[in-house]
Amino acid sequence: MPLLTALQHFAAQHPALTVVFVGIFGACIGSFLNVCIHRMPKGESIITPGSRCACGKPIPFWLNLPLVGWLSLRGQARCCGIPISVRYPLVELITALLFIASWIMLPGPKAALACIFLPLLILLAGCDLDDMMVPDAPNFALVGTGIIFSMLAPSLHNETGHPIEVINRIHALGDSLIGVAAGTALVWWIRTIGTVLAGREAMGEADIILCAGIGAYCGWQGALFCLFGGSVIGVITALPALISAKIRGSEYEGIVPFVPSMAAAGAIWFFRGPELLLAWHNWVAS
Ligand SMILES: [Zn+2]
């Protein structure tokens, strides 16, 4: 592939400039994610109409540039002065930083797949935080793409040991399917037991699909980590509100944001899963 070779050549010649380009690319994807987070839970099209202010006026493209647009407007719409949520630049910044981290920290094929896996996680987390509603399409897309890409890039599951390429692909497909099965089963059991014990629905169906999707990309260890690591992250983020409710002597009424916490844990595992496992082994053994 001459284009790929040219890109690799450029990246080797200008590493710093490449990081800047990767960041800009990430910010643009983040900008599109903002549109999806705003529209998907409402069942609106993510293609048409073009970007619009809350007052209905179309937004010109130069005010819509990722990060720069929000900063130049100081968080207020030019047309009507309505405040623009800080979520917009935040999603763009997080996506840009994650893309740069993938580029620097991950091997080639995995860095490319990070450009699909991580935006889907940000989208699902954003929808849950914004609307407490997780759309099915990107959630199932996570499962589907995870299974397909495992076959196309077996290095995603570190299945590169066999000299026959097809065997590596079959092994990686197996890892992915076991990850889906483990993610589905784990959340289903916790949900069932939790619902019986708590007397109300403990986890949603979206949690099951998300855990399966992370399993598809990261195998059963990743599914397990996203569940238990996600619980820890969820409790830590809910802790300030819990403590302040305790101090005021009132009942804690918030909920633990489980989808964003699971997504964060899934991303952590995607970057450094095997190293975490090794650190854990060493810690237990010492
Ligand atoms: Zn407006």
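In which crossing, left-handed or right-handed, does α2 pass α5? The crossing of α2 past α5 is right-handed, where a crossing counts as left-handed if the near helix is turned anticlockwise from the far one by less than a right angle, and as right-handed if clockwise. This is a predicted model, in which local features need pLDDT of at least 70 and side-chain atom pairs count only at pLDDT 80 or more, while totals for chains, interfaces and linings use all residues. Residues are numbered from 1 along each chain as its sequence is written, and helices (DSSP runs of H or I, at least four residues) are numbered from the N terminus.

Two packed helices are described by the angle between their axes and the distance between the axes. Helix α2 (residues 15–39) packs against helix α5 (residues 108–131) at an angle of about 40 degrees, with the axes 9 Å apart; axes here are lines fitted to C-alpha atoms over the stretch in contact, and angles run from 0 to 180 degrees between N-to-C directions. The two helices, α2 and α5, are therefore oblique to each other, given that angles under 35 degrees count as roughly parallel, over 145 as roughly antiparallel, 65 to 115 as roughly perpendicular and the rest as oblique. From α2 the contact draws on Ile29, Leu33, Cys36 and Ile37, and from α5 on Pro119, Ile122, Leu123, Gly126, Cys127 and Asp130 (contact requires C-beta atoms, placed from the backbone, to lie within 7 Å).

Helix α5 also packs against helix α9 (residues 258–285), here at an angle of about 165 degrees and with axes 8 Å apart, which makes α5 roughly antiparallel to α9. The crossing of this second pair, α5 and α9, is left-handed. Among the residues that meet are Phe117, Leu121 and Leu124 in α5 and Ala263, Gly266 and Phe270 in α9.

Just after α5, Met132 has a positive phi of about 55 degrees.

Helix α8 (residues 205–248) spans only 34 Å between its end C-alpha atoms, whereas a straight helix of 44 residues would span 64 Å. At Cys218, α8 bends by about 135 degrees, and Gly249, with a positive phi near 75 degrees, follows α8.

Notes:
The expected span of a helix is 1.5 Å times one less than its number of residues. The bend at a residue is the angle between axes fitted to the seven residues ending there and the seven starting there. Two residues are in contact if their C-beta atoms, placed from the backbone, lie within 7 Å.
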